[in-house]
Amino acid sequence: MATNTREKTKRIAENKDRRPYATARHIRMSPYKVRRTLALIRGKSVQEAQAILEYATIISSEPVLKVLKSATANAEHNMGMHRDELFVSEAFVDQGPSLKRMQPVSKGRAHAILKRTSHITVILDKKESN
């Protein structure tokens with residue numbers, strides 16, 4: 001029984017993704033708004049993605065820029081990679097927990113207001129030199 005557990009742990013460690021990444025959780029912004037920004041930088045080099053986010057007028061570009069800078073710092077510091085070789089391999093957002101609020105309306109009723117949150121993830125990878 002223990003050998004199977006050890007083998008399973010070894011298989012998981014071998015298949016673990018070794019690319020640098022960063023996440024930001026519970027960002028008080030709708031995932032729909034963040035997805036627009038992530039579509040702009042997906043597949044771009046780190047410098048190009050950073051320039052796009054700094055000059056974008058989309059409100060969600062600020063938290064995405066922070067996550068991109070964090071992922072770049074993780075790659076440089078933890079994995080010894082160079083900023084020039086990196087590009088945005090994957091960028092996605094998942095919905096976090098929603099804050100539920102009530103809006104009073106006529107006749108003693110109430111409408112629900114969902115204040116949505118996001119979990120932003122940016123995964124970088126090295127460019128393949130051909």
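How far apart are the mean positions of the positive and negative charges of the chain?

1. **Charge.** The model is predicted. Its chain carries 25 positive and 13 negative charges.

2. **Elements.** The chain has 4 helices and 5 strands. Read from the N terminus, their order is α-β-α-α-α-β-β-β-β. The radius of gyration is 20 Å, well over the 14 Å that the globule rule gives for 130 residues, so the chain is more spread out than a compact globule. The C-alpha trace spans about 65 × 55 × 25 Å along its principal axes.

3. **Burial and surface.** Of the 130 residues, 32% count as buried.

4. **Contacts along the sequence.** Take the contacts between residues at least 6 apart in sequence. Of these, 71% join residues at least 24 apart.

5. **Thr 37.** This residue sits in helix α2, which covers residues 31–41. Is Thr 37 buried or exposed? Thr 37 counts as buried because its relative accessibility is 0%, and the cut-off for burial is under 20%. Leaving aside residues up to four places away in sequence, Thr 37 touches Leu 53, Ile 58, Ser 60, Ser 61 and Val 64. With Ser 60 there is also a polar contact: the two side chains are joined at 2.4 Å. Please look at that pair in the model.

6. **Backbone at His 26.** Most residues other than glycine have a negative phi. His 26 has a positive value, near 60 degrees. Where is His 26 found? His 26 belongs to strand β1, residues 21–27. Its relative accessible area is 45%, so His 26 is partly exposed; that class lies between the 20% and 50% limits.

7. **Backbone at Lys 107.** Lys 107 is not a glycine either, yet its phi is positive, about 60 degrees. Lys 107 counts as exposed because its relative accessibility is 73%, and the class begins over 50%.

8. **The two sites together.** His 26 is partly exposed, whereas Lys 107 is exposed. Both have a positive phi.

Key:
Residues are numbered from 1 along each chain as its sequence is written. This is a predicted model: local features need pLDDT of at least 70, side-chain atom pairs count only at pLDDT 80 or more; totals for chains, interfaces and linings use all residues. Side-chain values use heavy atoms; hydrogens and water are left out. Helices (H or I, at least four residues) and strands (E, at least two) are DSSP runs, numbered from the N terminus. Buried means under 20% relative accessible area, exposed over 50%, partly exposed in between (1.4 Å probe, protein chains only). The radius of gyration is taken over C-alpha atoms; the globule rule is 2.2 Å times the number of residues to the power 0.38. Contact means heavy atoms within 4.5 Å. Lys and Arg count as positive and Asp and Glu as negative; His and the chain ends are not counted. The place of a charge is taken as NZ of Lys, CZ of Arg, CG of Asp or CD of Glu. A polar contact is a pair of N or O atoms within 3.5 Å; within protein, one must be able to donate a hydrogen and the other to accept it, and residues adjacent in sequence count only if both atoms are side-chain atoms.
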